[in-house]
Amino acid sequence: MSASADSSPTTNVFAAGRVAKAVELVQIRLASMRFNTALDIDPPGEFRIKQFMTHRYQLEAEGSSLVATLGYRLTLQTGDEDSSESETPSVEVEAFFQAFYRLKNSEGLSDSDFDCFAELNGTLNTYPYWRELVQSTTSRAGLGGITMPVWRAKTREVRSLPSSSE
């Protein structure tokens with residue numbers, strides 16, 4: 001079974017790139033994980049799949065490190081869209097991953113730059129871990145293993161392009 005929910009971030013790649021030039025990935029850690037199911041012993045063959053993503057960042061140690069926390073949530077619902085069944089998910093997987101970066105130099109970087117970096121690069125670095133967690137957890141739960149789609153970023157309009165010196 002594969003998921004087709006579109007949860008790609010929409011971010012400013014130029015702003016994320018300014019931070020990317022100044023950091024080095026140190027570690028990725030699973031901060032928390034939750035799985036819940038309300039299915040009977042024989043799960044249905046089809047689910048409505050929804051995926052949600054959140055991100056935040058934090059500068060630590062007097063600006064020498066950056067932690068991006070990415071939250072992912074997958075819900076599987078039985079029945080069709082018009083069904084009168086409860087909106088409580090039949091299956092729910094939720095996880096928070098932290099990506100730790102060494103920040104070489106934060107001079108000239110804004111909160112918006114860090115936010116775009118956490119959304120774009122944080123997702124790029126943690127999404128493979130999310131895909132594996134969903135695959136292995138749903139497989140162990142007897143759901144056949146759900147394969148999440150490849151992650152694709154979408155860019156948002158940039159009002160003015162950065163100068164060529166950046």
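1. Arg102 is partly exposed, with a relative accessible area of 44%. In this predicted model, Arg102 forms a salt bridge with Glu24, and the closest N and O atoms of the pair are 3.3 Å apart.

2. A search of the whole structure finds five salt bridges. Side chains of opposite charge can pair when their charged atoms come close. Arg34 takes part in a salt bridge with Glu92, where the closest N and O atoms are 3.3 Å apart. Because Arg34 lies in strand S2 and Glu92 in strand S5, this pair ties together parts that are 58 residues apart in sequence. How accessible is Glu92? Its relative accessible area is 9%, and Glu92 is therefore buried, the limit for that class being under 20%. Arg34, by contrast, is partly exposed, with a value of 35%.

3. Arg34 also meets Glu94 in a salt bridge, at 3.4 Å from N to O. Here again the pair links distant parts of the chain, Arg34 in strand S2 and Glu94 in strand S5, 60 residues apart. Glu94 has a relative accessible area of 21% and is partly exposed.

4. The overall architecture may be considered next. The secondary structure comes to two helices and six strands, and the pattern read along the sequence is β-α-β-β-β-β-α-β. Of the contacts with a separation of 6 or more, 76% are between residues 24 or more positions apart. The protein has 166 residues, of which 40% are buried. Its accessible surface comes to about 9,600 Å², and carbon and sulfur atoms account for 46% of that area.

5. In soluble globular proteins, nonpolar side chains tend to be buried together. The largest nonpolar core in this model has 35 residues, and those with the most contacts inside it are Leu74, Leu76 and Trp130. Helix H1 (13-20), strands S2, S4 and S5, and helix H2 (111-140) each supply at least two residues of this core. Which element gives the most to the core? Helix H2 does, with nine residues.

6. Leu76 may be examined through its surroundings. Apart from neighbours within four places in sequence, Leu76 is in contact with Phe47, Arg48, Ile49, Pro89, Ser90, Val91, Leu143 and Ile146.

7. Is Ser65 buried or exposed? With a relative accessible area of 18%, Ser65 is buried, because that class takes values under 20%. When neighbours within four places in sequence are left aside, Ser65 is in contact with Gln58, Leu59, Glu60, Tyr101 and Leu103.

8. The structure holds six aromatic pairs. In one of them, the rings of Tyr72 and Phe97 have their centres 6.1 Å apart and their planes at 70°, so the pair is edge-to-face. Tyr72 in strand S4 and Phe97 in strand S5 are 25 residues apart, and their pair links distant parts of the chain. Both Tyr72 and Phe97 are buried. Ring pairs link Tyr72 and Phe97 with Tyr127, Tyr129 and Trp130 into a cluster. Trp130 is also among the residues with the most contacts inside the largest nonpolar core.

9. Finally, the confidence of the prediction should be kept in view. The average pLDDT is 81, and 76% of the residues score at least 70. Among the elements, strand S2 has the highest mean pLDDT (96), whereas strand S6 (residues 154-155) has the lowest (61). Over residues 1-6 the pLDDT stays under 50, and the model has 19 contacts beyond four places in sequence for this stretch. Residues 158-166 likewise stay under 50, with seven contacts beyond four places in sequence.

Definitions and conventions:
Residues are numbered from 1 along each chain as its sequence is written. This is a predicted model: local features need pLDDT of at least 70, side-chain atom pairs count only at pLDDT 80 or more; totals for chains, interfaces and linings use all residues. Side-chain values use heavy atoms; hydrogens and water are left out. Buried means under 20% relative accessible area, exposed over 50%, partly exposed in between (1.4 Å probe, protein chains only). Contact means heavy atoms within 4.5 Å. Helices (H or I, at least four residues) and strands (E, at least two) are DSSP runs, numbered from the N terminus. Accessible areas come from the Shrake-Rupley method with a 1.4 Å probe; for residues, only the protein chains shown count as cover. A salt bridge is a side-chain nitrogen of Lys or Arg within 4 Å of a carboxyl oxygen of Asp or Glu. A nonpolar core is a set of buried Ala, Val, Leu, Ile, Met, Phe, Trp, Tyr and Cys residues joined through side-chain atoms within 4.5 Å. pLDDT is the predictor's confidence in each residue, from 0 to 100. Rings of Phe, Tyr and Trp (its six-membered ring) pair if their centres lie within 6.5 Å; planes under 30 degrees apart count as stacked, over 60 as edge-to-face and the rest as tilted.
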